[in-house]
Amino acid sequence: MKTEYPDVLVIGLGAMGSATVYQLAKLGVKVVGIDQYTPPHTHGSTHGETRITREAIGEGARFVPLAIRSHQLWREIESQTGQVLLTACGGLILARAGQGSALHGQSDFLGATIRAAEAFGISHQRLDATEIAARFPQFVLRGDECGYFEPGAGYLKPEECVRAQLSLARQHGADLRFGEAVRSVTHLHGKTIVESDRIRYAPGKTIIAAGPWAPQLLPDLKGTLTVRRQVLYWFKRDAVSAHSYLTKDFPIFIWHWGSGADDVFYGFPQMDDSGAIKVATEQQQFSTTPETVQRDVSVAEIAAMHARHIAGKLRGISAHNTKAQTCLYTDTPGANFIIDTLPNMADAIVISACSGHGFKHAAAVGEAVAQMATSGTKPEVLLPFAFNPPPVLAG
Ligand SMILES: Cc1cc2nc3c(=O)[nH]c(=O)nc-3n(C[C@H](O)[C@H](O)[C@H](O)COP(=O)(O)OP(=O)(O)OC[C@H]3O[C@@H](n4cnc5c(N)ncnc54)[C@H](O)[C@@H]3O)c2cc1C
C-alpha cells in the first residue's frame, strides 16, 4: 500500500472537519482532508437545513468566546463566497418561572443564558409572558413564562456552511478526497498511522473529526462517547391561520413548557414556500451507532411529537407533516465538548464530540484547532474541552 506524508490529515469533513481543513489551508498548510461520503450528506450529524445559533451560551460561559468568534467567521465566509449562511432572525428562550429549564448539562439553562449575556455584554432583552405574547402571538402561553430574547441569534444553514468551507479550502490548496473510508488509526513508534481503504498516511498531525463514527475509530473514546438518535420534524402551517411564521415575524426558540426534563422542544421560522416549520426535541435514553440506527421516522413518532409538543402550544401549526429526518448526537457526560489530544497519541487531535450543540461553534473550533495543529500549543479558548476535563465546568 502506498504511503503519503501530508503535514496534516483531517479525517471527516462534516461541521468540524470542513472548518478545520479550510482554516489549515488558509494558513498555507499542506493538508489532506478525507471523508467516506461526499459532504454535506445525511448520514451523520450535519444535515436538516438549519441549526440554531446564539452568542449567550446557556450550556456554559466557556462556550461564549467560540460562539462570538464563529459569528464573525460565518460573516467573513459569507462575504468570500456570496452565500447566505447566518440569518439573525432573533432567538427566544422561554421557561415557566421557577420551574427549571434543564438542557445540555445545565439545570437552569435560561438563567445561565442570561448570566452569559450579562457577563459578555451580549445585546438581549428579558421578557415576561405578557411581553412575549404581544411580540410573538404564535406561542400559546400559560401566563407564568419568562423569556430571554437575543436579537443577534438565529439560524445557520449547515449544508451551505460545509459546502462553503470545503470550497474555500480547495481554493487555498487543500487536497480533499471523498468516498475514501479510514479503516484504522494506530500508533506506531510514537507516530499516528492512518490506513484508509486506499492509502496509508503518516501525517505530521492527524485531526479526527469523525463525529458519530469517532467511537469506532478510537476505542479509547468508547466509554466516553454515546451516540444518540434524534429526529427533526417539519409541520405545515394551517393555510387559514392568521399567524405568520416567516423569518421576519418569528424567531428560533427553545421552549421549556413544563417542569420535566423532557418538557422542552425547539424550532425555527418558516424558511421557504413549503409553509412548514421545523421543530425537534432531544432524547437521552437510547444509544445507537451510525450503522444500526433506525433512519426511518414512524407515523406514530410524528403523531406523538405533534400531540405532545405542538398541539395547543403553537397557533396555526397543523399535524400535516411534510418531512422528518433522523440525525445523530455524539454526547459526552455533562454535554461538554472533547477537543484534545488523546493520552497515547500526542500528534492526533480529536475534535468532534460536540454533544448536540456544536454546529454554531464549528467555524471558531476549526480556526483554533488549526492554530493548535500548527503551533503545537492548545489555544486558551480550547482549554475547557479536554479529554479529562477539570471537575469544575458549570457557569
Ligand atoms: C438533530 C440535531 C440537531 C442539532 N441542532 C443543533 C443546533 O441547533 N445548534 C448547534 O449548534 N448544533 C446542533 N446540533 C449539533 C451539531 O449539528 C453537531 O455538533 C455537528 O454537526 C457535528 O459535526 P461533526 O463534524 O462532529 O460530525 P459530522 O458532521 O457527522 O461529520 C463527521 C464526518 O466524518 C466522516 N467520517 C466518519 N468516519 C469516517 C471514516 N472512518 N473515514 C472517513 N470519513 C469518516 C463522516 O462521513 C462525516 O462526514 C444538532 C445535531 C443534531 C443531530
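Strands here are DSSP runs of E at least two residues long, numbered from the N terminus. With that in hand, here are some close-ups of a predicted model.

**View 1. The shell around the ligand draws on several secondary-structure elements.** β19 is the top contributor, giving three residues to the shell. At least two residues each come from α1 (15-26), β4 (51-53), β15 (226-237) and β19 (317-331). Of the 36 residues around the ligand, the ones that come nearest are Asp35, His41, Thr46, Arg51 and Cys327. By residue type, the shell splits into 19 nonpolar, 13 polar and four charged.

View 2. Zoom in on threonine 46: an N or O atom in its side chain sits 2.4 Å from an oxygen atom of the ligand. As for cover, the ligand on its own has 1,000 Å² of accessible area, and the protein covers 96% of that.

**View 3. Where the ligand lies relative to the domains.** Both domain 1 (3-48 + 158-223 + 334-382) and domain 2 (90-153 + 226-331) hand residues to the shell, so the ligand lies between them.

**View 4. A cis peptide bond in a loop.** Proline 39 and proline 40 are joined by a cis peptide bond, with omega at about 0°. Proline 40 belongs to the loop that runs between β3 (31-35) and β4.

**View 5. Two non-glycine residues with positive phi.** Alanine 335 isn't a glycine, yet its phi is positive, at about 60°. Look for alanine 335 in the loop between β19 and β20 (340-342). Its relative accessibility is 11%, so alanine 335 counts as buried. Serine 355 is another non-glycine with a positive phi, here about 45°. The loop between β21 (345-350) and α8 (362-375) is where serine 355 lies. With 2% relative accessibility, serine 355 counts as buried too.

**View 6. Zooming back out to the protein chain.** Along the principal axes, the C-alpha atoms fill a box of roughly 65 × 40 × 40 Å. The radius of gyration is 21 Å, which agrees with the value near 21 Å that a compact globule of 395 residues would have. Buried residues account for 57% of the 395 residues in the chain.

Terms used
Residues numbered from 1 in each chain as written. Predicted model: local features only at pLDDT ≥ 70, side-chain atom pairs only at ≥ 80, totals over all residues. Heavy atoms only, no water. Near = heavy atom within 4 Å. Polar contact = N/O pair within 3.5 Å; in protein donor to acceptor, adjacent residues only side chain to side chain. Areas by Shrake-Rupley, 256 points an atom, 1.4 Å probe, with all protein chains shown as cover. Helix = DSSP H or I, 4+ residues; strand = E, 2+ residues; numbered from the N terminus. Nonpolar A, V, L, I, M, F, W, Y, C, P; charged D, E, K, R; others polar. Domains from an automatic or database assignment. Rg over C-alpha atoms; globule rule 2.2 N^0.38 Å. Buried < 20%, exposed > 50% of the residue type's maximum accessible area, 1.4 Å probe, protein only.
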